[in-house]
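Subject: A structure to look through

Dear colleague,

Here is the structure that I promised to pass on to you. Please open it beside this message and follow the notes as you read.

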Amino acid sequence: MAAPQPDRLHLLGIRHHGPGSARAVLSALDAADPAVVLIEGPPDADELIAFAGLPAMVPPIALLVHAQDDAANASFFPFALFSPEWQAIRWALARGRPVRFIDLPASYRLAERAKPKQPEGNESEAAPEDADAPAPDEPDTVDPELAQIRRDPLAYLATLAGYDDSESWWNAIVEQGAHGPEIFAALEAAIAALRDKIDPLPYQPADEAQRELRREAHMRLEIAAALGEQDGAVAVICGAWHVPALRRKLALKDDRALLKGLPQVKVTATWVPWTETRLAAASGYGAGVISPGWYAHLWQGLQHGQAAALDATSFTTRWQARVAELLRRNGRPASTASVIEASRLAITLAALRDVALPGLAEMREASLATLCEGETAPFRLIEQQLIIGQRVGEIDDSVPQMPLAADLARWQRKLKLKPEALDTDIALDLRSEAGLAKSQLLHRLGLIQVPWGRLQGSGQSRGTFRENWRLRWEPEFSVRLVEALVHGTTVAQAAGNAAVTNAQAATSLNTVAAIVRGCLEAGLREAAETTIALLQQRSAATSDVADLTEAVPPLAEILRYGTARALPTEALRLLVTSLVEAICAGLVYACRSLQADVAADLRGRLARLDVAIGLIEDRGLRDGWSRALLHVAADASAHPLLKGLANRVLYDQGIVSPEQTALALSRALSHSVPTLEAGDWLDGFLGQSGQVLLHDQMLRRIIDGWLAAIDDEAFNNLLPVMRRAFASFDRNERRRLLDELARQRPLAVGSTSDASPLLPPAPLPATAAGFDAALPLLLTILGADRPIKEANR
C-alpha cells in the first residue's frame with residue numbers, strides 16, 4: 001500500500017462528545033477545506049446522514065440500527081449538539097461535501113452478537129496455539145507502568161501532567177478551549193507514544209481486541225478508497241485512540257484478509273430521539289460523559305468565538321443564573337446578589353488554580369457555597385437537571401420512521417404529551433375527551449411493554465374518574481416499539497393484538513385477568529371481548545381454585561365502581577359469575593392437605609375474594625359463597641387456618657350467630673386439639689382485624705380461658721403463632737384491647753354469676769393484682785412495645 005500524501009489526509013482524533021473537540025474540528029475543517037468527510041460511525045446508516053441537516057433535527061438524537069429479524073438485537077449511536085461528529089456532518093452538508101461513515105458496519109457487529117455463545121466446557125477449542133506462553137496478566141511479566149497505562153491510558157497522561165484524573169486533564173486541555181488544528185497533532189503524538197508501549201500487550205479481552213483490530217482495518221480501507229476517488233483533501237473524524245492505527249502503513253490485502261468471511265445480518269436504521277441522561281457515563285454508556293448539561297452550556301459559549309474572545313465573567317454568570325432560576329422554580333430562595341457572589345467565587349477559584357476559565361469543579365463549589373448555602377440536598381437537583389441535563393431530542397417529520405413510532409409521534413403531538421427525560425406528573429380527568437384519550441394511549445403503550453407512564457392512583461379523589469400518572473421517556477422505548485411491530489403498525493392495533501397474544505400464551509388466570517383489565521382501560525373493546533372469552537374458557541377448564549381467586553377482584557372492582565370507559569358489562573358480569581361459581585364448587589377440596597405456606601397464601605387470596613364478592617352485590621353469588629364457607633368450616637380435613645377464616649367471614653356476615661361462633665371457637669381451642677393447630681385456627685379467625693375481640697366479650701373470654709389453661713411448654717411453642725395473629729392489629733386496637741381486659745373485673749374463684757357453659761374450666765385471677773401479674777404476658781402476646789396504662793384505677 002502506497003503511503004498517502006500527508007497534506008491530503010487529515011486525521012482529527014476527538015472525544016466522541018466534547019464541546020472543545022467539536023470546536024477544534026470545525027476550526028480544522030475550515031482550514032483544510034476537505035473534499036470529503038469521513039466519520040467514525042455505522043455505514044449501514046449512510047442514507048440517513050442527509051437528514052442531519054434539517055433544522056428540526058434537534059440533538060440529542062441517535063441512530064438506531066437493528067437486525068431485521070430480531071429488533072432486540074440493536075445498537076444505538078448517539079449524537080449531542082456538541083458531538084464533533086455531529087458538527088462535522090453539519091459542516092459537510094452545509095457546503096455540499098460528501099460525508100459518510102467508515103466504521104465496521106453494524107451488520108457485522110449484530111451478527112456477532114446473535115451468534116450462540118460457546119458452551120461451557122469447550123475451552124480447548126478456544127485455547128491459543130501457544131498454550132505454554134505466559135498469561136499477559138501475570139504480575140511477573142507485566143511492568144507496573146505498563147499495567148497502569150493498560151488500565152487507563154488517559155489517566156496515565158493526566159498523572160504525568162499533574163492532574164488527579166483523566167476527566168479533569170482532558171477538560172482543561174481540550175474541552176474548555178477553542179483550539180485550532182494544532183491540538184490534533186499534539187494528541188496524536190501522545191496517543192501514539194502510549195500505543196507503542198501497550199500494543200504488544202492485550203489491553204482488552206481477546207474478543208474485544210480482535211473487534212478493535214477489525215474496526216481499524218475497515219476504516220483504513222475506507223480511507224484508502226476515499227483518497228483514490230478524488231485528488232482533494234480527506235478529513236477523518238474518529239476517536240483519538242484510533243488515529244495512530246489509521247496512520248499506520250499496512251498492506252490493503254492484510255486488512256481485507258482480517259475482514260474476510262465475517263458473518264452479517266440484514267439491518268434497518270433510523271433516527272430516534274435520545275436524552276441527555278443517556279449521554280451521561282453514569283447511565284452505563286461506554287462513550288458517555290460525566291456532565292452532558294454542562295458540556296451543552298460550554299458549547300454555547302465556545303461556538304461564539306475563540307477562547308481568547310470568550311468572556312469568563314459573562315460565561316460564569318449565565319451558568320449561575322441558570323442555577324438560581326432552577327432553585328427558584330423549586331421553592332428555594334436565590335437572590336441576584338447570590339448569583340453575583342457565586343460568579344465571583346468561581347472566577348477566583350479558577351485564578352487560584354491557574355485555569356483560564358472556571359470549569360465544572362469551580363462552578364460546583366461556588367454554587368454550593370453561595371446559592372445552596374452549603375446544603376447538599378438542593379445541589380442534587382442542580383446535578384440532575386443542569387449538570388447532567390434532562391433534554392430529549394427531536395426528529396424531523398420527514399425522517400422515515402417505523403410506522404408504530406410514527407403513529408405514537410402523531411398521538412403525542414395531538415394530545416400535547418411531550419416525551420421528556422425527567423419524571424413528570426400529570427392528573428387526568430377521564431370524564432373529559434382529552435383526559436380519556438391520554439389515559440387510553442398510556443394504557444395501550446403499557447400493553448406493548450412501553451411503560452412511558454406509570455399509574456400512581458387517583459390521588460385525593462375517591463372516584464374512578466381521575467388518574468395520576470408519572471411520565472418518563474427512556475430511549476430504550478424505541479427498541480420496544482420496533483419489537484411491537486409484529487403486532488401491528490398503529491399503537492391501538494399493536495396493543496390489541498399483543499394483549500390477545502399474551503393472553504393466549506399466559507399460564508396463569510391471574511395474568512389473563514390483568515390483561516382483560518388492561519384492554520378495558522386501554523379502550524380496546526374487541527381485544528377485551530376476545531380476552532374475556534379466553535378467560536372464561538380457561539376458568540371452565542381449570543381446577544386450580546387459588547388461581548381462580550386472583551382473577552375475580554380486579555374485575556369485581558370494575559363492575560362495582562365502573563369507569564369512564566365503555567365496558568362490555570354483561571360479558572364481564574357473566575365472566576365473574578362463572579368464576580365465583582367455579583371457586584365455590586371446588587373450595588372445600590382446595591382447602592385440604594395443605595402446607596403451612598400454601599395455606600397462608602390461600603387465606604390471603606380468599607380474604608380478598610370475600611371483599612370482591614361483597615362489591616358485586618349479587619345475592620345469588622353471596623349465598624353460594626356462604627354455603628361454600630360453611631362446608632370449609634365444618635370440614636375436618638380442611639387446614640385450620642382456612643377453617644378459622646371461614647368461621648370469621650360467616651360471623652361477620654351474620655350467617656351464623658355469636659353463640660354458634662363461640663361454640664366453634666371453643667371446640668377449635670379445646671384441650672383435645674393440638675396447640676399449634678388451635679393457634680392456626682385462631683390466626684385464621686382473627687386475620688387482619690382485632691375488632692371482633694373488642695366487641696364480643698364471649699369470644700374474648702373463650703380465648704382468654706384457653707390461653708390461661710395452656711402449660712408453659714405448649715405456650716412457648718405457640719408464641720410465634722400468637723404473635724403472628726396479633727401482630728396484624730394496629731396500635732389503637734392493641735391499646736383498646738388491653739384497656740378492655742384491664743376494665744373487666746375478674747370474678748372470684750367459684751363464682752358462677754356470669755359463667756358460660758361454652759367456657760373451658762380455667763382458673764381466673766381473684767383480684768386486680770392478678771391482672772397486674774398477667775399484663776407483661778399480654779404485652780408479649782400482643783407484641784406491644786410499651787405498657788398500656790390501666791383504666792379505672
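Pro-60 lies in the loop that runs between β2 (36-39) and β3 (61-67), where helices (H or I, at least four residues) and strands (E, at least two) are DSSP runs numbered from the N terminus. The peptide bond that leads from Pro-59 to Pro-60 is cis, and its omega is near 5°. Another backbone feature is found at Lys-416, which has a positive phi of about 60° although it is not a glycine, and which sits in the loop between α17 (403-415) and β8 (424-429). As background, most residues other than glycine have a negative phi, and most peptide bonds are trans.

Please keep in mind that this is a predicted model, in which local features need pLDDT of at least 70 and side-chain atom pairs count only at pLDDT 80 or more, while totals for chains, interfaces and linings use all residues. Residues are numbered from 1 along each chain as its sequence is written, and side-chain values use heavy atoms, with hydrogens and water left out.

Next come the helix pairs. The axes of helix α5 (residues 153-160) and α6 come within 8 Å and cross at roughly 70°; axes here are lines fitted to C-alpha atoms, for helices over the stretch in contact, and angles run from 0 to 180 degrees between N-to-C directions. The two helices α5 and α6 are therefore roughly perpendicular to each other, since angles of 65 to 115 degrees count as roughly perpendicular, under 35 as roughly parallel, over 145 as roughly antiparallel and the rest as oblique. In this contact (heavy atoms within 4.5 Å), Leu-154, Ala-155, Leu-157 and Ala-158 of α5 meet Ser-166, Trp-169 and Trp-170 of α6.

Helix α6 also packs against helix α12 (residues 292-302), at an angle of about 15° and with the axes 13 Å apart, which makes α6 roughly parallel to α12. On the α6 side the contact is made by Glu-167, Asn-171 and Glu-175, and on the α12 side by Tyr-295, Leu-298 and Leu-302. By class, these residues are 3 nonpolar, 1 polar and 2 charged, where Ala, Val, Leu, Ile, Met, Phe, Trp, Tyr, Cys and Pro count as nonpolar, Asp, Glu, Lys and Arg as charged, and the others, Gly among them, as polar.

Further along, the axes of helix α14 (residues 336-352) and helix α15 (residues 360-371) come within 8 Å and cross at roughly 145°. The residues of that contact divide into 10 nonpolar, 2 polar and 3 charged.

Finally, the lining of the second largest cavity includes Trp-170, together with Gly-13, Arg-15 and Phe-184; a cavity is a set of points, on a 1 Å grid over the protein atoms alone, where a 1.4 Å probe fits but cannot get out, and lining residues have an atom within 4 Å of a point. The elements that give two or more residues to this lining are β1 (9-14), α1 (19-32), α6 (166-175) and α7 (182-198). By class, the lining has 7 nonpolar, 3 polar and 1 charged residues.

Note on methods:
1 Å grid on protein atoms, 1.4 Å probe; cavity = no way out; pocket = protein on both sides within 12 Å on 5 of 7 lines; lining within 4 Å.
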